[in-house]
Amino acid sequence: MTLPALSRLDTKGSPYLYVLPFFLLFGAFGLFPLIYTGYVSFNDWNLLDAGEHTWVGLANYRELLHDPYFWNALGNTLSIWLLSTVPQLLAALWIAHLLNHRLRARTSLRMGVLLPNITSIVAVTIVFTQMFGRDFGMINWLLGLIGVGPVDWQANTWSSHLAISVIVAWRWTGYNALIYLASMQAIPHDLYEAAELDGASSGQQFRRITVPQLRPTIIFTAVISTIGGLQIMAEPLLFAGTSTPTGGSDRQFQTAALFMYEQGFREFRFGYASAIAWTLCLVIAVFAVANYLLTRRIADDEE
Amino acid sequence: MLAVVAGSVFPLYWSLVVSSQTSEAVAQVPPVLIPGGHLFDNIARVFDTTDFARALLNSLLVSTSVTVSVVFFSTLAGFAFAKLRFRGRKPLLVLAIATSVVPQQLGIIPLYLLMAKLGWTDQLAAVIVPGLVTAFGVFFMTQYLGRAVPDELLEAGRIDGCTTFGLYWHVVLPAARPAAAVLGLFTFMQAWNDFFWPLVVLQNNATVQVALSSLASGYTTDYTLTLTGTLLATLPILVIFMVLGRQIVGGIMQGAIKG
């Protein structure tokens with residue numbers, strides 16, 4: 001080969017080589033497992049040994065549709081997702097709005113807001129589980145001060161959902177606030193000046209300018225929170241305080257992803273767990289799309 | 001605004017308070033709100049109760065190797081996407097970005113089977129290899145290099161007889177340094193904090209988050225012990241955050257504008 005031919009090969013060919021590691025790794029450890037989950041879900045795959053399995057067709061899915069534990073887990077997931085996402089994004093908007101004003105110690109404030117997000121799920125959940133303790137927990141003590149009796153947070157459906165949502169929201173509000181803040185700073189200033197001249201109040205400016213301008217970002221955060229929120233499992237696993245993946249004694253806070261983990265890695269029913277995974281995938285896709293359409297609609301109405 | 005920050009800092013402060021008290025002091029109403037003098041006793045107890053030193057070392061190994069690799073491969077792919085002309089560039093880039101919405105958590109059963117087949121269960125490779133390059137990293141670097149590396153510089157390099165990889169090594173990598181620092185930080189923190197997959201695949205060779213979760217999962221939880229563990233597991237990240245918080249905040253906000 002002549003030298004120019006070699007260098008032609010270098011310029012034409014080497015780019016593929018550079019992007020190859022990503023696609024290889026994603027294919028092997030991201031896409032392949034997800035697709036293979038589909039195959040496993042059509043099997044009775046009960047042993048850890050990968051060789052032993054029998055094709056059962058849709059049996060796992062049929063069982064799933066009649067499994068009250070699954071519907072319970074799905075209901076819990078939706079409840080926790082709604083309780084954590086909606087207040088979280090609203091709070092994030094409000095915090096971003098506050099941060100957008102000229103403040104002293106701007107960087108420190110932003111770092112303070114972000115601190116929860118750099119803390120691990122495990123650490124956050126453990127600390128909150130302690131604070132939500134029935135007998136010596138700080139939160140019950142505070143409630144006691146205003147005359148509300150101690151709540152056994154883990155024991156009831158509503159209270160456990162609320163507590164888990166607080167844990168999730170605490171970890172993600174600041175992160176979303178910073179994302180909103182970044183978009184807010186990209187809004188042209190003369191829009192506000194014009195509004196000011198027209199006599200718009202600060203609240204009106206927020207609703208008529210800030211929110212519509214943030215539309216793509218709001219849609220983005222809503223969709224991302226949905227994809228993440230419907231997969232919640234570490235928080236309810238650790239919130240139980242014991243290493244049982246049932247999400248409380250009555251499964252009152254077992255999420256769908258946690259149910260999948262229980263069936264797969266405690267009961268070793270890989271086929272059934274895979275059916276859960278694929279169903280959950282479908283649910284997430286449906287919700288992400290619905291969420292996208294809905295948030296687009298809502299943001300539209302503001303204009 | 002101060003209340004918001006106080007609210008976000010308090011739980012971490014609280015773990016410091018609990019981990020520096022005796023178990024008796026924590027089981028009090030009203031709760032003690034200031035740190036006590038038992039922090040080092042409790043730290044010693046954590047290291048006695050579990051193999052926490054091993055877990056810390058494991059996490060350090062995993063996070064460091066993942067970070068180095070993600071920075072290297074993401075910059076390489078980002079260079080190709082941002083600066084090189086090749087057929088299929090646009091669709092491949094879109095594909096790479098689209099992969100980030102695939103819910104990977106839901107593929108863990110076959111992933112586990114795969115690791116079992118490779119004989120990687122309980123080995124750090126099971127956690128390291130799948131994380132060697134990320135869609136976020138590729139996207140982040142593509143965005144950054146598109147602006148940070150002038151085309152003229154690359155052309156000059158070509159005229160001087162640089163190969164494409166030579167350009168990457170001598171021109172792109174040095175120019176990518178600020179973004180590489182941010183990406184490295186994010187990657188390190190994410191790898192350090194990762195929980196679900198290590199929990200599944202590393203039962204007997206825990207990383208720090210897995211060790212922490214097993215500390216917390218006794219039937220009667222010893223909270224001084226557990227929260228001391230929490231503090232130890234969070235400390236490295238906290239130190240990084242104190243030193244480089246400005247870059248981390250900037251990185252999130254930068255990523256957001258383009259995202």
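Modeller: In this predicted model, the side chains of Arg269(A) and Glu63(A) meet in a salt bridge, with N and O 3.1 Å apart. The two partners come from distant parts of the chain, since Arg269(A) sits in the loop between α12 (256-265) and α13 (270-301) of chain A, while Glu63(A) belongs to helix α2 (residues 59-65), 206 residues away. Arg269(A) counts as partly exposed because its relative accessibility is 24%, and Glu63(A), with a relative accessible area of 35%, is likewise partly exposed.

In chain B, the side chains of Arg45(B) and Asp222(B) form a salt bridge of 3.0 Å, N to O. Arg45(B) lies in helix α3 (residues 39-49) and Asp222(B) in the loop between α13 (208-216) and α14 (223-258), so this pair ties together parts of chain B that are 177 residues apart in sequence. Arg45(B) is partly exposed at 30% relative accessibility, and Asp222(B) is partly exposed at 26%.

Asp151(B) forms a salt bridge with Lys83(B), and their closest N and O atoms are 3.1 Å apart. Because Asp151(B) lies in helix α9 (residues 151-159) and Lys83(B) in helix α4 of chain B, the pair ties together parts that are 68 residues apart in sequence. Here the partners fall on opposite sides of the 20% cut-off for burial: Asp151(B), at 36% relative accessibility, counts as partly exposed, whereas Lys83(B) is buried, with a relative accessible area of 13%. In chain A, salt bridges that share partners join Arg134(A), Asp135(A) and Asp152(A) into one network.

Over all chains, the search finds 6 salt bridges, but the count between chain B and chain A is 0. Of the area that chain B buries against chain A, Met1(B), Leu106(B) and Ile109(B) supply 10%, more than any other three residues. In terms of contacts, 90 residues of chain B meet 81 residues of chain A.

As for the setting within chain B, its secondary structure comes to 14 helices and 0 strands, and 52% of its 259 residues count as buried. Helix α4, which covers residues 52-83, also holds Thr67(B), and this threonine counts as buried because its relative accessibility is 12%. Leaving aside residues up to four places away in sequence, Thr67(B) touches Gly184(B), Thr187(B) and Phe188(B).

Terms used: Residues numbered from 1 in each chain as written. Chains lettered and ligands numbered in written order. Predicted model: local features only at pLDDT ≥ 70, side-chain atom pairs only at ≥ 80, totals over all residues. Heavy atoms only, no water. Helix = DSSP H or I, 4+ residues; strand = E, 2+ residues; numbered from the N terminus. Buried < 20%, exposed > 50% of the residue type's maximum accessible area, 1.4 Å probe, protein only. Contact = heavy atoms within 4.5 Å. Buried area = accessible area lost by both parts, 1.4 Å probe. Salt bridge = Lys/Arg side-chain N within 4 Å of Asp/Glu carboxyl O.
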